[in-house]
Amino acid sequence: MAYKHVRILLHGQKYRNTIGNGGMKMSTSRYICSEHVPAEWYEKAFSHIVKLSQLLKNVDSIDGRLVDIDDYSTVVNERMEQRMHNFKSIVRSFLGSPLMQKAVKKNMATLASGKCTLPDCFGKPNEREPMTVNSLTVVCNFLNISAQQRKEVRFTVCPQVTQHRIWMGALEETLNGLKSEMETLDHHCYSPSKGRMMGQQIVQSCLNFLADRAVISCDPDSTSWMRPKPARVPESPSRKWEEVLEMFNHLLKCLRANEEGLHLYVSKLEAMKEGLSQIKDVLVDGKIGYKEARHQQSLLQKKLRKTLGHSSQCLFTLLLYYLYGSIGDIEVDVCGGLYGSDGGDRFCLYMGRILTSDDEKMVQSGVKQLDRALGLFKFIWETAKMKGVLELQGHLWCVEAEERLIMYRGNVFFVHKISI
(Lines give C-alpha, C1' and ligand atoms only; values in the text may rest on other atoms or scores of the structure.)
Protein backbone atom coordinates (compact mmCIF):
# COMPACT_ATOMS: atom_id res chain seq x y z
CA MET A 1 0.00 0.00 0.00
CA ALA A 2 1.08 3.58 -0.53
CA TYR A 3 1.76 4.48 3.09
CA LYS A 4 3.90 1.42 3.64
CA HIS A 5 6.66 3.13 1.68
CA VAL A 6 6.50 6.52 3.40
CA ARG A 7 9.56 6.46 5.64
CA ILE A 8 10.68 10.02 5.93
CA LEU A 9 12.30 12.43 8.32
CA LEU A 10 9.80 14.76 9.87
CA HIS A 11 11.23 17.28 12.30
CA GLY A 12 14.17 15.00 13.02
CA GLN A 13 12.15 11.81 13.68
CA LYS A 14 11.68 8.86 11.32
CA TYR A 15 8.40 7.28 10.43
CA ARG A 16 8.29 4.03 12.33
CA ASN A 17 5.26 3.07 14.32
CA THR A 18 4.34 6.67 15.08
CA ILE A 19 5.56 10.07 14.00
CA GLY A 20 5.74 13.02 16.31
CA ASN A 21 5.26 16.41 14.69
CA GLY A 22 4.55 19.59 16.53
CA GLY A 23 2.89 17.81 19.43
CA MET A 24 0.86 15.53 17.14
CA LYS A 25 1.36 11.77 16.85
CA MET A 26 0.86 10.36 13.35
CA SER A 27 0.62 6.57 13.13
CA THR A 28 1.65 5.02 9.84
CA SER A 29 0.98 1.40 10.78
CA ARG A 30 -2.76 2.13 10.88
CA TYR A 31 -2.65 3.27 7.22
CA ILE A 32 -0.62 0.47 5.73
CA CYS A 33 -3.78 -1.48 4.99
CA SER A 34 -6.17 1.44 4.90
CA GLU A 35 -6.75 4.49 2.74
CA HIS A 36 -8.64 6.31 5.53
CA VAL A 37 -6.12 8.98 6.39
CA PRO A 38 -7.04 11.93 8.63
CA ALA A 39 -6.92 15.43 7.16
CA GLU A 40 -4.26 16.39 9.71
CA TRP A 41 -1.84 13.95 8.09
CA TYR A 42 -2.18 15.69 4.71
CA GLU A 43 -1.72 19.13 6.30
CA LYS A 44 1.52 18.09 8.00
CA ALA A 45 2.71 16.24 4.91
CA PHE A 46 2.04 19.26 2.69
CA SER A 47 4.13 21.57 4.87
CA HIS A 48 6.98 19.08 4.64
CA ILE A 49 6.58 18.81 0.85
CA VAL A 50 6.85 22.61 0.53
CA LYS A 51 9.98 22.71 2.69
CA LEU A 52 11.69 19.90 0.77
CA SER A 53 10.78 21.36 -2.62
CA GLN A 54 12.54 24.59 -1.60
CA LEU A 55 15.63 22.71 -0.42
CA LEU A 56 15.71 20.66 -3.63
CA LYS A 57 14.84 23.41 -6.10
CA ASN A 58 16.24 22.75 -9.60
CA VAL A 59 17.53 19.32 -8.56
CA ASP A 60 15.99 16.17 -10.00
CA SER A 61 16.57 12.43 -9.87
CA ILE A 62 17.23 11.08 -13.37
CA ASP A 63 18.07 7.44 -14.07
CA GLY A 64 19.05 6.81 -10.46
CA ARG A 65 21.28 9.86 -9.91
CA LEU A 66 20.79 13.42 -8.71
CA VAL A 67 21.16 16.04 -11.43
CA ASP A 68 21.34 19.85 -11.38
CA ILE A 69 18.83 20.84 -14.06
CA ASP A 70 20.68 24.10 -14.82
CA ASP A 71 23.70 22.32 -16.33
CA TYR A 72 22.80 18.61 -16.00
CA SER A 73 25.82 17.99 -13.79
CA THR A 74 25.75 15.16 -11.25
CA VAL A 75 25.06 16.23 -7.66
CA VAL A 76 27.11 14.21 -5.17
CA ASN A 77 25.45 14.72 -1.80
CA GLU A 78 24.08 11.91 0.38
CA ARG A 79 21.87 14.26 2.37
CA MET A 80 20.31 15.63 -0.81
CA GLU A 81 19.73 12.09 -2.08
CA GLN A 82 17.89 11.21 1.12
CA ARG A 83 15.83 14.39 0.90
CA MET A 84 14.87 13.59 -2.69
CA HIS A 85 13.83 10.07 -1.71
CA ASN A 86 11.76 11.44 1.18
CA PHE A 87 10.21 14.16 -0.98
CA LYS A 88 8.98 11.80 -3.68
CA SER A 89 7.76 9.25 -1.13
CA ILE A 90 5.61 11.82 0.67
CA VAL A 91 4.21 13.23 -2.58
CA ARG A 92 3.23 9.76 -3.79
CA SER A 93 1.20 9.26 -0.63
CA PHE A 94 -0.16 12.79 -0.78
CA LEU A 95 -1.52 12.17 -4.29
CA GLY A 96 -3.98 9.72 -2.73
CA SER A 97 -5.82 12.46 -0.85
CA PRO A 98 -9.44 13.00 -1.95
CA LEU A 99 -8.75 16.67 -2.66
CA MET A 100 -5.77 15.86 -4.91
CA GLN A 101 -7.74 13.17 -6.72
CA LYS A 102 -10.56 15.61 -7.34
CA ALA A 103 -8.13 18.35 -8.44
CA VAL A 104 -6.43 16.06 -10.97
CA LYS A 105 -9.76 15.11 -12.56
CA LYS A 106 -10.90 18.73 -12.70
CA ASN A 107 -7.58 19.87 -14.21
CA MET A 108 -7.74 17.19 -16.90
CA ALA A 109 -11.35 17.94 -17.78
CA THR A 110 -10.66 21.69 -17.97
CA LEU A 111 -7.51 21.46 -20.09
CA ALA A 112 -8.17 18.47 -22.35
CA SER A 113 -11.05 19.87 -24.43
CA GLY A 114 -11.45 16.61 -26.33
CA LYS A 115 -7.72 16.33 -27.11
CA CYS A 116 -7.27 13.04 -25.29
CA THR A 117 -8.84 10.22 -23.28
CA LEU A 118 -9.70 11.08 -19.67
CA PRO A 119 -9.05 7.91 -17.66
CA ASP A 120 -9.77 7.64 -13.94
CA CYS A 121 -6.05 7.65 -13.21
CA PHE A 122 -3.87 7.32 -10.09
CA GLY A 123 -6.88 6.50 -7.91
CA LYS A 124 -5.52 3.10 -6.83
CA PRO A 125 -2.54 2.89 -4.43
CA ASN A 126 -0.61 0.57 -6.77
CA GLU A 127 -0.85 3.22 -9.52
CA ARG A 128 1.08 5.66 -7.32
CA GLU A 129 4.06 3.38 -6.73
CA PRO A 130 7.52 4.02 -8.27
CA MET A 131 8.81 1.70 -10.99
CA THR A 132 12.28 0.89 -12.26
CA VAL A 133 12.21 -0.35 -15.86
CA ASN A 134 15.30 -2.52 -16.30
CA SER A 135 14.18 -5.40 -18.53
CA LEU A 136 11.70 -6.33 -21.22
CA THR A 137 9.96 -8.50 -18.64
CA VAL A 138 9.01 -5.43 -16.56
CA VAL A 139 7.46 -3.77 -19.62
CA CYS A 140 5.63 -6.90 -20.79
CA ASN A 141 4.23 -7.62 -17.33
CA PHE A 142 2.91 -4.07 -17.09
CA LEU A 143 1.24 -4.27 -20.52
CA ASN A 144 -0.13 -7.80 -19.93
CA ILE A 145 1.69 -9.16 -22.97
CA SER A 146 1.25 -12.92 -23.42
CA ALA A 147 4.06 -15.48 -23.51
CA GLN A 148 3.65 -15.98 -27.25
CA GLN A 149 3.76 -12.24 -27.88
CA ARG A 150 6.91 -11.97 -25.74
CA LYS A 151 8.60 -14.43 -28.07
CA GLU A 152 7.55 -12.18 -30.96
CA VAL A 153 9.08 -9.17 -29.18
CA ARG A 154 12.40 -10.92 -28.63
CA PHE A 155 12.44 -12.35 -32.15
CA THR A 156 11.91 -8.85 -33.60
CA VAL A 157 14.13 -6.84 -31.24
CA CYS A 158 17.22 -9.09 -31.12
CA PRO A 159 18.40 -8.67 -34.74
CA GLN A 160 18.12 -4.88 -34.44
CA VAL A 161 19.88 -4.35 -31.11
CA THR A 162 22.67 -6.93 -31.44
CA GLN A 163 24.26 -5.28 -34.47
CA HIS A 164 28.00 -4.74 -34.02
CA ARG A 165 27.72 -0.94 -34.01
CA ILE A 166 24.98 -1.04 -31.32
CA TRP A 167 27.03 -3.42 -29.20
CA MET A 168 30.16 -1.26 -29.48
CA GLY A 169 28.21 1.93 -28.86
CA ALA A 170 26.53 0.59 -25.70
CA LEU A 171 29.83 -0.77 -24.40
CA GLU A 172 31.66 2.52 -24.93
CA GLU A 173 28.73 4.52 -23.51
CA THR A 174 28.89 2.40 -20.34
CA LEU A 175 32.65 2.81 -19.94
CA ASN A 176 32.71 6.54 -20.78
CA GLY A 177 29.80 7.16 -18.41
CA LEU A 178 31.56 5.26 -15.63
CA LYS A 179 34.79 7.18 -16.28
CA SER A 180 32.96 10.51 -16.07
CA GLU A 181 31.12 9.50 -12.90
CA MET A 182 34.35 8.41 -11.21
CA GLU A 183 35.98 11.72 -12.10
CA THR A 184 33.00 13.55 -10.59
CA LEU A 185 33.35 11.53 -7.38
CA ASP A 186 37.07 12.29 -7.26
CA HIS A 187 36.26 16.00 -7.54
CA HIS A 188 34.09 15.74 -4.42
CA CYS A 189 36.36 13.38 -2.50
CA TYR A 190 39.79 14.40 -1.28
CA SER A 191 41.09 10.85 -0.94
CA PRO A 192 39.65 8.41 -3.52
CA SER A 193 39.88 4.78 -2.45
CA LYS A 194 42.55 2.46 -3.76
CA GLY A 195 39.85 0.31 -5.37
CA ARG A 196 38.40 3.25 -7.27
CA MET A 197 41.83 4.38 -8.45
CA MET A 198 42.52 0.90 -9.76
CA GLY A 199 39.05 0.85 -11.32
CA GLN A 200 39.83 4.06 -13.23
CA GLN A 201 42.96 2.48 -14.66
CA ILE A 202 41.00 -0.58 -15.80
CA VAL A 203 38.30 1.57 -17.40
CA GLN A 204 40.94 3.46 -19.38
CA SER A 205 42.59 0.17 -20.39
CA CYS A 206 39.23 -1.09 -21.68
CA LEU A 207 38.67 2.08 -23.69
CA ASN A 208 42.21 1.94 -25.10
CA PHE A 209 41.75 -1.71 -26.04
CA LEU A 210 38.52 -0.95 -27.90
CA ALA A 211 40.06 2.05 -29.66
CA ASP A 212 43.19 0.12 -30.69
CA ARG A 213 41.22 -2.85 -31.94
CA ALA A 214 38.30 -0.99 -33.45
CA VAL A 215 37.20 -2.07 -36.90
CA ILE A 216 36.92 0.87 -39.31
CA SER A 217 33.23 1.66 -39.65
CA CYS A 218 31.68 0.96 -43.01
CA ASP A 219 28.38 0.80 -44.76
CA PRO A 220 27.09 -2.81 -44.56
CA ASP A 221 25.73 -2.45 -48.09
CA SER A 222 29.01 -1.26 -49.59
CA THR A 223 31.19 -3.63 -51.64
CA SER A 224 34.55 -4.84 -50.37
CA TRP A 225 36.60 -2.83 -52.91
CA MET A 226 35.21 0.39 -51.38
CA ARG A 227 36.70 -0.41 -47.96
CA PRO A 228 40.21 0.98 -47.23
CA LYS A 229 42.86 -1.68 -46.78
CA PRO A 230 44.16 -2.03 -43.24
CA ALA A 231 47.59 -0.53 -42.68
CA ARG A 232 50.51 -2.94 -42.79
CA VAL A 233 51.68 -3.66 -39.28
CA PRO A 234 53.88 -6.39 -37.79
CA GLU A 235 51.88 -9.57 -37.38
CA SER A 236 50.60 -10.26 -33.88
CA PRO A 237 48.22 -12.85 -32.45
CA SER A 238 44.57 -11.94 -32.95
CA ARG A 239 42.86 -10.91 -29.75
CA LYS A 240 39.43 -11.88 -28.48
CA TRP A 241 36.57 -10.39 -26.46
CA GLU A 242 37.71 -12.65 -23.65
CA GLU A 243 40.33 -10.03 -22.77
CA VAL A 244 37.63 -7.42 -22.26
CA LEU A 245 35.63 -9.90 -20.18
CA GLU A 246 38.63 -10.42 -17.90
CA MET A 247 39.05 -6.65 -17.51
CA PHE A 248 35.34 -6.37 -16.63
CA ASN A 249 35.74 -9.06 -13.96
CA HIS A 250 38.65 -7.18 -12.39
CA LEU A 251 36.78 -3.88 -12.66
CA LEU A 252 33.69 -5.25 -10.94
CA LYS A 253 35.83 -6.72 -8.19
CA CYS A 254 37.33 -3.27 -7.56
CA LEU A 255 34.01 -1.44 -7.64
CA ARG A 256 31.81 -3.82 -5.64
CA ALA A 257 33.73 -2.93 -2.49
CA ASN A 258 33.58 0.78 -3.40
CA GLU A 259 30.17 1.00 -5.03
CA GLU A 260 29.07 4.21 -3.35
CA GLY A 261 27.76 6.59 -6.02
CA LEU A 262 28.46 4.07 -8.81
CA HIS A 263 25.63 1.55 -8.37
CA LEU A 264 24.07 2.51 -11.73
CA TYR A 265 27.24 1.71 -13.65
CA VAL A 266 28.05 -1.39 -11.60
CA SER A 267 24.66 -2.81 -12.64
CA LYS A 268 25.38 -1.89 -16.27
CA LEU A 269 28.82 -3.51 -16.14
CA GLU A 270 27.10 -6.67 -14.89
CA ALA A 271 24.62 -6.43 -17.78
CA MET A 272 27.30 -6.00 -20.44
CA LYS A 273 29.38 -8.75 -18.84
CA GLU A 274 26.51 -11.11 -19.64
CA GLY A 275 26.97 -10.35 -23.32
CA LEU A 276 30.78 -10.51 -23.14
CA SER A 277 30.63 -14.00 -21.64
CA GLN A 278 28.70 -15.16 -24.73
CA ILE A 279 31.14 -13.72 -27.29
CA LYS A 280 34.45 -14.30 -25.50
CA ASP A 281 35.74 -16.54 -28.33
CA VAL A 282 34.97 -13.97 -31.05
CA LEU A 283 37.89 -12.00 -32.47
CA VAL A 284 38.06 -8.25 -31.88
CA ASP A 285 40.67 -6.76 -34.14
CA GLY A 286 40.62 -3.97 -36.71
CA LYS A 287 43.59 -5.34 -38.61
CA ILE A 288 42.30 -8.73 -39.72
CA GLY A 289 40.96 -7.68 -43.12
CA TYR A 290 37.54 -6.65 -44.32
CA LYS A 291 35.98 -10.06 -45.00
CA GLU A 292 37.23 -11.61 -41.76
CA ALA A 293 36.13 -8.53 -39.79
CA ARG A 294 32.64 -8.75 -41.29
CA HIS A 295 32.55 -12.46 -40.45
CA GLN A 296 33.49 -11.78 -36.81
CA GLN A 297 30.86 -9.03 -36.56
CA SER A 298 28.25 -11.42 -37.93
CA LEU A 299 29.39 -14.10 -35.47
CA LEU A 300 29.11 -11.63 -32.59
CA GLN A 301 25.56 -10.73 -33.57
CA LYS A 302 24.60 -14.37 -34.04
CA LYS A 303 25.85 -15.38 -30.58
CA LEU A 304 24.17 -12.46 -28.82
CA ARG A 305 20.92 -12.99 -30.69
CA LYS A 306 20.87 -16.66 -29.78
CA THR A 307 21.80 -16.39 -26.09
CA LEU A 308 20.28 -13.15 -24.73
CA GLY A 309 16.87 -14.08 -23.35
CA HIS A 310 13.73 -12.02 -22.87
CA SER A 311 14.62 -11.14 -19.26
CA SER A 312 18.25 -10.30 -20.09
CA GLN A 313 19.39 -6.93 -18.76
CA CYS A 314 22.09 -6.92 -21.43
CA LEU A 315 19.44 -7.17 -24.15
CA PHE A 316 17.47 -4.37 -22.49
CA THR A 317 20.58 -2.16 -22.24
CA LEU A 318 21.24 -2.65 -25.95
CA LEU A 319 17.61 -1.77 -26.68
CA LEU A 320 17.88 1.47 -24.69
CA TYR A 321 21.00 2.42 -26.63
CA TYR A 322 19.32 1.50 -29.91
CA LEU A 323 16.29 3.68 -29.14
CA TYR A 324 17.79 6.59 -27.20
CA GLY A 325 21.59 6.46 -27.39
CA SER A 326 21.80 6.03 -23.60
CA ILE A 327 22.08 3.03 -21.29
CA GLY A 328 20.49 4.13 -17.98
CA ASP A 329 17.50 2.18 -16.68
CA ILE A 330 14.28 4.19 -16.73
CA GLU A 331 12.97 5.44 -13.38
CA VAL A 332 9.26 6.26 -13.22
CA ASP A 333 8.14 8.22 -10.13
CA VAL A 334 4.44 7.29 -10.42
CA CYS A 335 3.87 4.12 -12.45
CA GLY A 336 0.24 4.80 -13.41
CA GLY A 337 -1.58 2.17 -15.42
CA LEU A 338 -3.26 1.07 -18.62
CA TYR A 339 -6.82 2.21 -19.29
CA GLY A 340 -8.95 0.43 -21.87
CA SER A 341 -12.05 1.75 -23.61
CA ASP A 342 -15.33 -0.15 -23.58
CA GLY A 343 -14.90 -1.28 -27.17
CA GLY A 344 -11.41 -2.62 -26.54
CA ASP A 345 -9.95 -0.86 -29.56
CA ARG A 346 -8.34 2.09 -27.77
CA PHE A 347 -6.06 2.15 -24.74
CA CYS A 348 -4.40 4.91 -22.73
CA LEU A 349 -1.08 4.41 -20.94
CA TYR A 350 -0.53 7.04 -18.25
CA MET A 351 2.48 7.65 -16.01
CA GLY A 352 3.62 10.46 -13.73
CA ARG A 353 6.66 12.41 -12.59
CA ILE A 354 7.21 14.44 -9.43
CA LEU A 355 9.14 17.72 -9.81
CA THR A 356 10.74 19.98 -7.22
CA SER A 357 9.87 23.23 -9.02
CA ASP A 358 7.76 24.72 -11.81
CA ASP A 359 10.84 26.13 -13.55
CA GLU A 360 10.56 25.77 -17.32
CA LYS A 361 13.80 23.79 -17.64
CA MET A 362 12.64 21.44 -14.89
CA VAL A 363 9.26 20.88 -16.57
CA GLN A 364 10.88 20.33 -19.97
CA SER A 365 13.27 17.80 -18.47
CA GLY A 366 10.39 16.02 -16.72
CA VAL A 367 8.38 15.86 -19.94
CA LYS A 368 11.34 14.39 -21.83
CA GLN A 369 11.97 11.77 -19.14
CA LEU A 370 8.32 10.75 -19.15
CA ASP A 371 8.21 10.71 -22.95
CA ARG A 372 11.20 8.38 -22.97
CA ALA A 373 9.47 5.95 -20.62
CA LEU A 374 6.13 6.10 -22.43
CA GLY A 375 7.83 5.77 -25.83
CA LEU A 376 9.59 2.58 -24.75
CA PHE A 377 6.30 1.01 -23.64
CA LYS A 378 4.63 1.96 -26.92
CA PHE A 379 7.55 0.49 -28.90
CA ILE A 380 7.09 -2.85 -27.10
CA TRP A 381 3.29 -2.64 -27.49
CA GLU A 382 3.59 -2.23 -31.25
CA THR A 383 6.36 -4.81 -31.55
CA ALA A 384 4.17 -7.35 -29.73
CA LYS A 385 1.39 -6.53 -32.24
CA MET A 386 -1.08 -5.84 -29.46
CA LYS A 387 -4.64 -5.13 -30.59
CA GLY A 388 -5.90 -1.58 -30.34
CA VAL A 389 -4.40 1.90 -30.53
CA LEU A 390 -2.24 2.95 -27.57
CA GLU A 391 -2.48 6.59 -26.51
CA LEU A 392 0.28 8.00 -24.28
CA GLN A 393 -0.37 10.44 -21.47
CA GLY A 394 2.02 12.01 -18.97
CA HIS A 395 1.34 13.77 -15.67
CA LEU A 396 3.70 16.06 -13.73
CA TRP A 397 3.21 17.38 -10.20
CA CYS A 398 4.93 20.19 -8.35
CA VAL A 399 4.10 22.68 -5.59
CA GLU A 400 2.30 25.84 -6.70
CA ALA A 401 2.57 24.89 -10.37
CA GLU A 402 0.82 26.75 -13.14
CA GLU A 403 -1.62 24.10 -14.27
CA ARG A 404 -1.38 23.60 -18.01
CA LEU A 405 -1.37 21.11 -20.85
CA ILE A 406 1.78 20.50 -22.89
CA MET A 407 1.89 18.78 -26.27
CA TYR A 408 5.20 17.03 -26.93
CA ARG A 409 5.90 14.72 -29.87
CA GLY A 410 2.17 14.28 -30.38
CA ASN A 411 1.46 13.24 -26.78
CA VAL A 412 -0.39 15.06 -23.99
CA PHE A 413 1.29 16.02 -20.70
CA PHE A 414 -0.66 17.54 -17.81
CA VAL A 415 1.04 19.75 -15.22
CA HIS A 416 -0.76 19.55 -11.86
CA LYS A 417 -0.43 21.70 -8.75
CA ILE A 418 0.26 20.07 -5.37
CA SER A 419 -1.95 21.82 -2.84
CA ILE A 420 -4.43 21.30 -0.02
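I looked up the length of helix H12, residues 360-383, in this predicted model. Helices are DSSP runs of H or I with at least four residues, and strands are runs of E with at least two, numbered from the N terminus. The expected span is 1.5 Å times one less than the number of residues. For the 24 residues of H12 this gives 34 Å, and the end C-alpha atoms lie 34 Å apart, so the two values agree.

I then examined the ends of H12. Asp359 caps the N-terminal end, with a side-chain oxygen 3.0 Å from the backbone nitrogen of Lys361. Lys385, which follows H12, has a positive phi near 55°.

I recorded that residues are numbered from 1 along each chain as its sequence is written. I also noted that in this predicted model local features need pLDDT of at least 70, side-chain atom pairs count only at pLDDT 80 or more, totals for chains, interfaces and linings use all residues, and side-chain values use heavy atoms, without hydrogens and water.

Next I turned to helix H6 (residues 164-188) and helix H11 (residues 313-324), which pack at about 95° with axes 9 Å apart. H6 is therefore roughly perpendicular to H11 (angles of 65 to 115 degrees count as such). In the contact (heavy atoms within 4.5 Å), H6 contributes residues including Trp167 and Glu173, and H11 residues including Leu318 and Tyr321.

Finally, I inspected strands E13 (residues 404-408) and E14 (residues 411-418), which run antiparallel and are joined by five bridges (pairing requires at least two). Arg404 has Val415 of E14 as its bridge partner. Two residues separate the strands of this hairpin, and Arg409 in the turn has a positive phi of about 55°.

Notes:
Polar contact = N/O pair within 3.5 Å; in protein donor to acceptor, adjacent residues only side chain to side chain. Axes fitted to C-alpha atoms, helices over the stretch in contact; angles between N-to-C directions. Parallel < 35°, antiparallel > 145°, perpendicular 65-115°, else oblique.
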